[in-house]
Amino acid sequence: MQTLDQTVVEAPPTVPRRSPIALGGVSHWRAPLSILALLALPFLLPSQALAVNVLIYGLYAVGYNLLYGYTGLLSFGHAAFFGTGAYLTGIGIGAFGLHPLLAMALAVVAASGLALVIGTVSIRSRGIYFAMVTLALAQLVYYVALQASSWTGGENGLRGFTVSTIDLGIVSLDILNPLTKYLFVLAFVGAALALISRILASPFGAVIEAIRENETRARACGFDVERTKLLAFVLSGLFCGLAGALSAIHLSIVPLDSLAYHTSGTAVVMTLVGGAGTFFGPFVGALTVLVLEDVLSLWTPHWQLALGSVFILFVLFLPRGLWGTALGRLTALRGRR
């Protein structure tokens, strides 16, 4: 007769069932529906430049959300991956004359490699210690970029590269056209969303959610928690690096602030305002934060103080964020029927 301990040891690892809030009830359609919603964005916002920023920073927040919202790891250093993607894209185009798509690909690979290095160092720490280690390592990357001024431009940022057209062989894209640029960025964002959706629907996606809910129980079930967290960290860095690469194409400059600690904080704020652990929430957060920033900066030079106050209100009264709260209420209404 088996004892309870034998049963626990011999039982195969199981994964948690996804909550309706996490999936929004449309797990198979969440990527296409998100892309359709984003298609309408340039026609709803006052400028298409703002719409492109929402796409880029929404993708940045999505990459961060993969680590924080789904894996449960709070990082304060994701600007390192965003900035690395931006800088190496600009250097590849400006200094080496690479095709923009090749420069972006190499930049994303480099951001993933940097995430592997930082993740390997920091992943064994927990809680606030993990957050502080990621912040310290990201600041190290910041100061390396600051000192390597011959490559990065130092305090002035990286300039001297402009992407006006992108030759795809059969067609040449006019990136100076706002709508063309938006659709170009959306193509990468849509591909990233489809990949993230597939990742979250896979057994790996279930495992990272299990780690978020109860790391000790996930380890007892036989999962390699450290390796899984490291892979989630690398994937998160990959998508944040892609967002940085798109930012370089969009702006044709890379400011040093793209590696600064407040850029890491931007990902945290957008994720929490939109809804951590939700698929489309980071885009809602990016839209909300960027629109508030535009509006508040017109009213007062102290707009950051006002934005911080709004963020505090969100944390106190909408802890699930805008999108997470909306999904929660929708689930509650369905349950009453």
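## A lysine to start with

Does Lys-229 count as buried or exposed? With a relative accessibility of 2%, Lys-229 counts as buried, because the cut-off for that label is under 20%. Keep in mind that this is a predicted model.

Lys-229 belongs to helix 13. Setting aside residues up to four places away in sequence, Lys-229 touches Thr-71, Leu-73, Ile-123, Ile-211 and Glu-215.

Let's look at the confidence scores. The average pLDDT for the protein is 90, and 92% of the residues score at least 70. Helix 6 (79-94) has the highest mean pLDDT among the elements, at 98. At the other end of the scale sits helix 1, residues 4-10, with the lowest mean, 36.

The stretch to be careful with is residues 1-25, where pLDDT stays under 50. For that stretch the model has 31 contacts beyond four places in sequence. Where pLDDT is low, the predicted coordinates should not be read in detail.

## The largest pocket

Now for the pocket. The largest one has a volume of about 860 Å³, and 31 residues line it. Nearest its centre lie His-262, Thr-263, Thr-266, Glu-293 and Trp-303. Sorted by class, the lining has 18 nonpolar, 10 polar and 3 charged residues.

Which helix gives the largest share of the lining? That is helix 14, with 8 residues. The helices that each supply at least two lining residues are helix 5 (48-68), helix 6, helix 13 (225-251), helix 14 (261-274), helix 15 (281-299) and helix 16 (303-317).

Helix 14 is 14 residues long, and its first and last C-alpha atoms are 20 Å apart, close to the 20 Å expected at 1.5 Å a residue. Its buried residues are Thr-263, Ser-264, Ala-267, Val-268, Met-270, Thr-271, Val-273 and Gly-274. Take Ser-264, which sits in helix 14: its relative accessibility is 2%, so it falls in the buried class, under 20%. Beyond its neighbours within four places in sequence, Ser-264 is in contact with Tyr-60, Phe-76, Gly-77, His-78 and Ala-79.

What about the backbone around this helix? In the loop between helix 13 and helix 14 you'll find Ser-252. Its phi is near 65°, a positive value in a residue other than glycine. Ser-252 counts as buried too, because its relative accessibility of 15% is under 20%. After helix 14 comes Gly-275, which also has a positive phi, near 135°.

## Helix 7 and what covers it

Helix 7 takes in residues 100-122. Its 23 residues should span 33 Å at 1.5 Å a residue, and the end C-alpha atoms are 32 Å apart, so the two values agree.

Which residues of helix 7 are buried? They are Pro-100, Ala-103, Met-104, Ala-107, Val-108, Ala-111, Ser-112, Leu-114, Ala-115, Ile-118, Gly-119 and Ser-122. The cover over them includes helix 6, helix 8 (127-147), strand 1 (165-167), helix 10 (178-201) and helix 13.

Leu-135 lies in helix 8 and has a relative accessibility of 25%, so it counts as partly exposed, between the 20% and 50% cut-offs. The C-alpha atoms of Leu-135 and Gly-77 are 4.4 Å apart, although 58 residues separate the two along the chain. Leaving out residues up to four places away in sequence, Leu-135 touches Phe-76, Gly-77 and Tyr-261. Phe-76 and Gly-77 also turned up among the contacts of Ser-264.

Over in helix 15 there is Leu-292, partly exposed with a relative accessible area of 23%. Leu-292 touches Ser-297, Leu-307 and Val-310, again not counting residues up to four places away. From Leu-292 to Ala-115 there are 31 Å, C-alpha to C-alpha, and 177 residues in sequence. Lastly, Ala-37 is in helix 3, residues 30-39, and is partly exposed at 37% relative accessible area. Its C-alpha atom is 13 Å from that of Pro-282, 245 residues apart along the chain.

Note on methods. Residues numbered from 1 in each chain as written. Predicted model: local features only at pLDDT ≥ 70, side-chain atom pairs only at ≥ 80, totals over all residues. Heavy atoms only, no water. 1 Å grid on protein atoms, 1.4 Å probe; cavity = no way out; pocket = protein on both sides within 12 Å on 5 of 7 lines; lining within 4 Å. Points joined across faces, edges and corners; volume = space filled by probe spheres on them. Helix = DSSP H or I, 4+ residues; strand = E, 2+ residues; numbered from the N terminus. Nonpolar A, V, L, I, M, F, W, Y, C, P; charged D, E, K, R; others polar. Expected span 1.5 Å × (residues − 1). Buried < 20%, exposed > 50% of the residue type's maximum accessible area, 1.4 Å probe, protein only. Contact = heavy atoms within 4.5 Å. pLDDT = per-residue confidence, 0-100.
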